[in-house]
Amino acid sequence: MLDEKKGRWAEELPFVLWADRTTSKVATTQTPYSSLFGTEAMISTEVVIPTAIYLLQNQENNDRILAQDLDTVVELRDLAKICIASHQQRITKAYNKNIKVRRFQI
């Protein structure tokens, strides 16, 4: 499988980046896309092969939801900051659990 893709990394890069940007991260519990734009990304196949969610959307409802998402994006970013701080504390605690303090005297 990898031999087929060898030397074609430039063609595969957009798909890899899209996958990374739309995958939830452990530290923030959000996707980078939603952290930036305040809404989840729509997968391009949903436009070609419509899903139930895509078919039930209308323009007025979509505009209202997008406006609401823009109002809550600051709250989502604040929540992400809290999650990052919590994640960093857990990592620090796990890293420091085996450290032995040594005190030196003159």
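Which side chains meet in a salt bridge at 2.9 Å, N to O? The side chains of Glu11 and Arg8 do. This report describes a predicted model, beginning with the chain as a whole and then turning to its parts.

## The chain as a whole

The chain contains six helices and zero strands. Along the sequence, its pattern therefore reads α-α-α-α-α-α. Of its 106 residues, 9% count as buried.

The chain exposes about 9,600 Å², and carbon and sulfur atoms supply 61% of this area. Contacts between residues at least 6 apart in sequence were also examined: 49% of them join residues at least 24 apart.

## Helix H6

Helix H6 covers residues 59–96, a run of 38 residues. From its first C-alpha to its last it reaches 53 Å, close to the 56 Å expected at 1.5 Å a residue. The helix bends by about 45° at Thr72.

Which residues of H6 are buried? They are Asp69, Val73, Ala80, Cys83 and His87. The buried residues of H6 pack against helix H3, which spans residues 32–37.

Gln88 also has its place in helix H6. Its relative accessibility is 48%, so Gln88 counts as partly exposed. In sequence, Gln88 and Ala27 are 61 residues apart, yet in space they are 8.0 Å apart, C-alpha to C-alpha.

## Salt bridges

How many salt bridges does a search of the whole structure find? The search finds two. Glu11 is partly exposed because its relative accessible area is 47%. Arg8, with a relative accessible area of 34%, is partly exposed.

The side chains of Asp20 and Lys25 also meet in a salt bridge, with a distance of 2.7 Å, N to O. Asp20 has a relative accessibility of 41% and therefore counts as partly exposed. Lys25 has a relative accessible area of 29% and is partly exposed.

Is Val16 buried or exposed? Val16 is exposed, because its relative accessible area is 52% and the cut-off for an exposed residue is over 50%.

How values were computed
Residues are numbered from 1 along each chain as its sequence is written. This is a predicted model: local features need pLDDT of at least 70, side-chain atom pairs count only at pLDDT 80 or more; totals for chains, interfaces and linings use all residues. Side-chain values use heavy atoms; hydrogens and water are left out. Helices (H or I, at least four residues) and strands (E, at least two) are DSSP runs, numbered from the N terminus. The expected span of a helix is 1.5 Å times one less than its number of residues. The bend at a residue is the angle between axes fitted to the seven residues ending there and the seven starting there. Buried means under 20% relative accessible area, exposed over 50%, partly exposed in between (1.4 Å probe, protein chains only). Contact means heavy atoms within 4.5 Å. Accessible areas come from the Shrake-Rupley method with a 1.4 Å probe; for residues, only the protein chains shown count as cover. A salt bridge is a side-chain nitrogen of Lys or Arg within 4 Å of a carboxyl oxygen of Asp or Glu.
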